[in-house]
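Open the model in your viewer and switch to a cartoon display.

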Amino acid sequence: MQRCLAGVTLRNVSETPTIFVLFGATGDLAKRMVLPAFYTLAQKGLLPPDWRLVGNGRGDVAHENFRQHVHDVLTEFGPKPEGKDWDDFQSRVLFAGGGFNSDDPGSLLDVIEDAKRDVKAEAGSVQFVHYLATPPVAFEETAKALGRHGLSEGARVVFEKPYGTSPESFKQLDETVLSVFKEEQVFRIDHFLGKEATQNLHVLRFANQMFAGIWCKEFVAAVQIDVPETLDVADRAGFYDATGATKDMLVTHLFQVAAEVAMEPPASMAAADLQEARESVISGFRPLDPAEVVLGQFDGYRDIKGIEPDSTTDTFVAARLWIDTDRWRGVPFLLRTGKRLAQSTQQVSLILRGVDGPLTDVPDQGNVVTLTLAGSGAIEAALVLKKPGTGLELVRANEKLALQDVAGADPLPPYVALLNDVLLGDRSLFTSSSGLEHAWRVAAPLLEQPPPVQPYQPGSWGPVAADELVAPGKWLLGSS
């Protein structure tokens, strides 16, 4: 299993012959995330000795043409396809065209038989990993087809987010998936849980008494989880207009990160105990009050090709979340994300309460513990200090530890880390059916009665109404 123990990542490699089937292999997600992650696993020696990658799509593409497509993708997004690494990798890549559904498997079954002969798999000895890098609308039919064509028994199946777009659609999808697969076969991926800094939340809390002792309402005044993006949605306009920031980011990534922050210490670091702790606290999330949510849409969004001219889709959401557990009751968790904002970053900040005592003029929000989730991650502490000099002037000073600077650090990108966990059957950092059911319950009031979507200027920090959610404090990002 791959786990972090006191900052040390332990990685094993599966020895089982494995056939990966990548549905949506020529799509945007596969191009930007999944194919680069597969190649990185190969470079780092984290794939089984015998493996094949079978791309699937509707077009009739020759193996050689798909390999060239993969080469072009890696040339653009990295890692660069070079030398013996690329020669070995591309020789194991195949393509099955003609689509795939319950009525017609296209050429997938034939190509899989070729792949099984290539890895010299004996009967029952090959591990299948099906990765659905397809639009969510295709999840249900693909799951049915995998069962219909005998590709579900013992397989592992990876679903991208959003896993459902409402409480009702989640329930229908999950019932279909669990009629074909057992829960332990299903990996609902959330790449925020695969980030090095997100995983370091566990170590920060459970291996450092200075943080373990303050991780509660007595010491924390508020928690901010802030994921602004400068990007727009042009590359995936159709998907985004049917989803929006709330479903694409809030119900998935931000809720899961909030659960990582707020969960009780698990019984152990085993997968089942980590999932239990994370999902137990999600069950304590209070359903969102639409009056405590601000939705926005950046000016010019409706002019993007593929966006409806009268679209009311939210490209920004800020929400005040309450967690009704003894540890966090009364502490606001302030969540914010959006497109075309002033900065791109990902951070979690615990704002500590002020100290009663003789000092005056203490800077507001002076004591903050921040985890930067972007890239390899960082941990930052803001402290109030005396400014060196003759007077007693109090100032705010920051100290930052970049995780990539830790001696011997070998950080894996989130998709690489999570794909490695799929290979090992480790579900610690994946969401379960019950956890997502709780998340959709929390979002239900907002989805049923959303507040009006407010306009905001690209390059800003979103609608000014979002500032009211954090009053009397301020957003740490974007405040003067």
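What kind of unit do β6, helix α5 and β7 make, and is it right-handed or left-handed? Select residues 139-148 for helix α5, together with the strands β6 and β7: the three form a β-α-β unit, and the unit is right-handed. Keep in mind throughout that this is a predicted model.

**The two strands of the unit**

Select residues 127-132, which are strand β6; this strand runs parallel to β7 and is joined to it by four bridges. To find one of the contacts, show Leu132 and its bridge partner in β7, Phe159.

Now select residues 156-159, strand β7, and display the side chains. Arg156 and Val158 lie on one side of the strand, Val157 and Phe159 on the other. All four are buried, so both faces of β7 are covered, with buried meaning under 20% relative accessible area.

**On to the next strand**

The pairing of β7 with β8 is parallel and takes three bridges. Within this pair, Val158 is placed opposite Phe187 of β8.

Select residues 18-23, strand β3. Six bridges tie β3 to β6, again in the parallel sense.

**The whole sheet**

Zoom out and colour the strands in the order β5-β4-β3-β6-β7-β8. These six strands make an open sheet with parallel pairing. Select residues 93-96 for β5, and then β8: these are the edge strands, and each has a single partner, so one side of each lacks a neighbour in the sheet. Looking along the sheet, expect an average twist of 20° from one strand to the next.

**The largest cavity**

The last stop is a cavity. A search of the whole structure gives three cavities of 30 Å³ or more, and the largest has a volume of about 80 Å³. Which residues line the largest cavity? Select Phe159, Glu160, Lys161, Tyr163, Arg188, Ile189, Asp190, Thr252, Gln256, Thr431 and Leu436. Colour this lining by class and you will see four nonpolar, three polar and four charged residues. Phe159, already visited as the partner of Leu132, is one of the lining residues.

Notes:
Residues numbered from 1 in each chain as written. Predicted model: local features only at pLDDT ≥ 70, side-chain atom pairs only at ≥ 80, totals over all residues. Heavy atoms only, no water. Buried < 20%, exposed > 50% of the residue type's maximum accessible area, 1.4 Å probe, protein only. Pairing = 2+ DSSP bridges. Right-handed = clockwise from strand over helix to strand, strands pointing away. 1 Å grid on protein atoms, 1.4 Å probe; cavity = no way out; pocket = protein on both sides within 12 Å on 5 of 7 lines; lining within 4 Å. Points joined across faces, edges and corners; volume = space filled by probe spheres on them. Nonpolar A, V, L, I, M, F, W, Y, C, P; charged D, E, K, R; others polar. Axes fitted to C-alpha atoms, helices over the stretch in contact; angles between N-to-C directions.
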